[in-house]
Amino acid sequence: MVRLHVKRGDESQFLLEVAGSARLADLAPLVARIYNGRLKVQRLCSEMEELADHGVFLPYNMQGLTDEQIEELKLKDEWAEKCVPSGGSVFKKDEVGRRNGHAPNEKMQQVIKKTVEEAKALISRKQVQANVCVNMEMVKDALDQLRGAVMIVYPMGLPPHDPVRMEFEDKEDLSGTHAGLEVIEESKAQLWWAGKELKETKLLSDYVGKNEKTTIIVKIQKKGQGAPGREPLISHEEQKQMMLYYYRKQEELKKLEEDDDDSFLNAEWADNHALKRQFHGVKDIKWGPR
């Protein structure tokens with residue numbers, strides 16, 4: 001299996017193993033699917049942390065309003081009584097004004113937060129450093145874990161406008177957001193390797209050869225964005241090690257220069273004629289008036 005080190009720009013995303021005979025017309029959408037799936041998990045984790053801390057999402061017409069404004073406008077959150085967390089709630093006001101403040105109790109909060117940490121670890125970029133490959137099954141597993149935690153804490157479900165529920169139902173609206181810019185549609189995904197676009201009409205082996213133990217760095221981006229920046233000749237870590245080596249070398253040279261200092265020749269013990277003067281009794285003679 002050929003190992004792909006997938007990057008977006010200069011940032012590592014994940015490792016993926018595929019057959020060298022894989023068609024690039026199928027490979028690019030697969031890479032995009034995993035890439036987008038990881039983004040979905042990250043968005044869900046962020047929103048579920050807010051869910052654990054401040055309860056469910058307020059209706060859009062109540063968000064950002066003070067209690068006085070809500071009372072004055074006679075607005076009511078109809079979902080607050082329907083979407084009660086298991087074991088009751090504790091009030092923790094959302095200063096941003098997005099959620100209703102009726103958070104789950106401590107035990108249920110831990111259910112959500114522990115699951116979030118496990119899901120993050122499953123699709124983390126640190127998996128690249130650990131040499132662990134990520135596939136679509138792992139992404140789905142992370143999503144299922146998060147969905148299960150929400151069902152445990154909110155057995156009655158979440159409001160239809162809550163971002164967590166919308167993500168699970170694939171109804172999220174990311175238009176006009178930074179998160180929306182990060183997503184790459186499968187039909188618009190393009191892979192690059194060594195400064196070359198991997199053409200959809202070819203096989204992966206047409207570029208990397210028949211060696212199934214090859215590891216290559218591929219970059220994913222949207223069609224029409226042009227070639228991504230080439231990989232540096234040395235990695236950031238290698239550059240740090242080189243700088244450290246040359247710094248130590250420079251310090252050693254400084255120390256050697258200090259050791260070569262000949263100012264000691266003016267010291268009394270270094271005088272070649274000191275012993276002769278001492279025998280002649282003229283060692284401490286001083287010229288001048290007393």
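Predicted model: local features only at pLDDT ≥ 70, side-chain atom pairs only at ≥ 80, totals over all residues.
Ile123 lies in the loop that joins α3 (106–122) to α4 (126–129). Residues are numbered from 1 along each chain as its sequence is written, and side-chain values use heavy atoms, with hydrogens and water left out.

Is Ile123 buried or exposed? Ile123 is buried, at a relative accessible area of 3%; buried means under 20%, exposed over 50%, and partly exposed in between, with a 1.4 Å probe and protein chains only. Leaving aside residues up to four places away in sequence, Ile123 touches Arg38, Val41, Gln42 and Val139, where contact means heavy atoms within 4.5 Å. Arg38 is 85 residues from Ile123 along the chain, yet their C-alpha atoms are separated by 6.2 Å.

Val41 leads us to the nonpolar core. A nonpolar core is a set of buried Ala, Val, Leu, Ile, Met, Phe, Trp, Tyr and Cys residues joined through side-chain atoms within 4.5 Å. The largest one has 53 residues, and Leu4, Leu27, Val41, Leu146 and Leu204 touch the most other members. Helix α1 supplies the largest share of this core, 14 residues. Leu4 has contacts that include Phe14, Leu27, Leu204 and Val218.

I turn now to the sheet. In which order do its five strands stand? The order is β2-β1-β7-β5-β6, in an open sheet with mixed pairing; two strands pair if DSSP finds at least two bridges between them. β2 (11–18) and β6 (196–197) are at the edges with a single partner strand each, so one side of each has no neighbour in the sheet. Helix α1 (residues 24–54) packs on the sheet and touches β1 (2–8), β2, β5 and β7. The direction of α1 makes about 130° with that of β2; axes are lines fitted to C-alpha atoms, for helices over the stretch in contact, and angles run from 0 to 180 degrees between N-to-C directions. Within the sheet, β5 (residues 189–193) and β7 (residues 215–222) are antiparallel, paired over five bridges, and Gln190 stands opposite Gln221 in β7.

Finally, the whole chain: ten helices and seven strands make up its secondary structure, and 36% of its 290 residues are buried.

Methods:
Helix = DSSP H or I, 4+ residues; strand = E, 2+ residues; numbered from the N terminus.
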